[in-house]
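Let's take a friendly walk through this structure. Have the sequence and the coordinates open beside you as you read.

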Amino acid sequence: MKIKSCLTNKYISELGVTENTLSYNQKLELKENGYTLIHRSVKEWLKYGVDLNLISDVIDDLIQKESWRGGRESHDHVNHQLKEGEHPEPGAQRLNHLLSKHKCFRKLFTIPEALAAARYLIDSREEIALSQLILRMPLPGKGAQNWHVDWIPRRKESDPVRSVLSSLLLDDYTIENGTTRVVPGTHKKLCPPSEEGYFDQDHPEQVYIEAPKGTLFIYDINLWHRASRNLNGQKRRHININYRSRKIWQQVNFKKVLDDSFKKEMSEAELFLLKARKEDKLRNEFLFKYRNNPIIKKICNAYWNYL
Ligand SMILES: O=C(O)CCC(=O)C(=O)O
Ligand SMILES: [Fe+2]
């Protein structure tokens, strides 16, 4: 029997999410294909408190300022190996901790469709939190990734979906500027692409996501996907809004990194989604630091499944 996660439902409804926030077709696409695309113009986004032009300018300034250092906050476990001038992800510009860096990012983690999709796909017994808000931009001539999923692959039909990604496109996504490729339906598979021999080659059923600036590209964490190489050097920036089950790691420990003045301006519902209320437990920093150690990974996964 499924138990409703009442706090998440209560708070996302306070933030305007209803049963009808996603259309029937969007829900069907999420369930069957593993992704859906929702487009809004710059003007329409303004009604949601999202100023795409301002965000775009602020991102450019941050890229200028942080350059190859961008995104290091989430790569603490590899920081010691990174040399001067080396991006944490070779071939891509990243930025992290956006919420701490400018007010223009504040409404991005309460976009109703992103919240509704997270609630729709993540196991209904599990409460939800924002994991991170990051910027990714492939560098000219670079940025290709192998086929992957963004979390530990599901192995059994009964394994829960624990994360959903929503990419807000700040530029048009085209084949030439290195768009994301996906293989529709692969979110249902119980293995990662590498186990079927897919690394950096074309997949016979791949689809290039071609969509204009202002699109929200929402996908199940288990969908096979990969960023392509930026062939024409044109900007291809997106902000990734990642929700996860509260059982697993938040990539950013918002409770720790957001200051008190920021928290004071947040509603109870927003603080809940950031896992930054007084009663929310702090992440275990030791285990998080060593999260890629195979033994720690195994223990945490077993523990999360037991919870
Ligand atoms: O930028 C993209 O197209 C996708 C990036 C991605 O999948 C990742 O970094 O995990
Ligand atoms: Fe990914």
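## The nonpolar core

A nonpolar core here is a set of buried Ala, Val, Leu, Ile, Met, Phe, Trp, Tyr and Cys residues joined through C-beta atoms within 7 Å. Please keep in mind that this is a predicted model. Its largest nonpolar core has 62 residues, and those that touch the most other members are L108, A117, A118, L133, V164 and I218. In soluble globular proteins, nonpolar side chains tend to be buried together.

Which residues does L108 touch, once those up to four places away in sequence are set aside? They are V50, L133, L168, I239 and I241. Of these, L133 is also listed among the core members with the most contacts.

## An enclosed helix and a covered strand

The buried ones are E113, A114, L115, A116, A117, A118, R119, Y120 and L121.

One of the pairings sets A92 against P138 in β3.

## A three-stranded sheet

Now for an open sheet of 3 strands, arranged in the order β6-β5-β8 with antiparallel pairing. The edge positions belong to β6 (207-208) and β8 (225-227); each has a single partner strand, so one side of each lacks a neighbour in the sheet.

Strand β5 (residues 180-182) is joined to β8 by 3 bridges, and the two run antiparallel. Within this pairing, T180 lies opposite A227 of β8.

## Around ligand 1

T180 and A227 turn up again in the surroundings of ligand 1, together with R136, Q145, D150 and H225. How many residues of this shell are nonpolar, polar and charged? The division is 1 nonpolar, 3 polar and 2 charged.

## A closer look at V42

V42 belongs to helix α3 (residues 42-46). Is V42 buried or partly exposed? V42 is partly exposed, because 13 other C-beta atoms lie within 10 Å, whereas a buried residue needs 20 or more.

Beyond its neighbours within four places in sequence, V42 is in contact with L52, N53 and G214. V42 and T21 are 21 residues apart in sequence, and their C-alpha atoms are 20 Å apart in space.

Note on methods. Residues numbered from 1 in each chain as written. Chains lettered and ligands numbered in written order. Predicted model: local features only at pLDDT ≥ 70, side-chain atom pairs only at ≥ 80, totals over all residues. Pairing = 2+ DSSP bridges. Helix = DSSP H or I, 4+ residues; strand = E, 2+ residues; numbered from the N terminus. Buried ≥ 20, exposed ≤ 12 C-beta atoms within 10 Å, placed from the backbone. Contact = placed C-beta atoms within 7 Å. Near = placed C-beta within 6 Å. Nonpolar A, V, L, I, M, F, W, Y, C, P; charged D, E, K, R; others polar.
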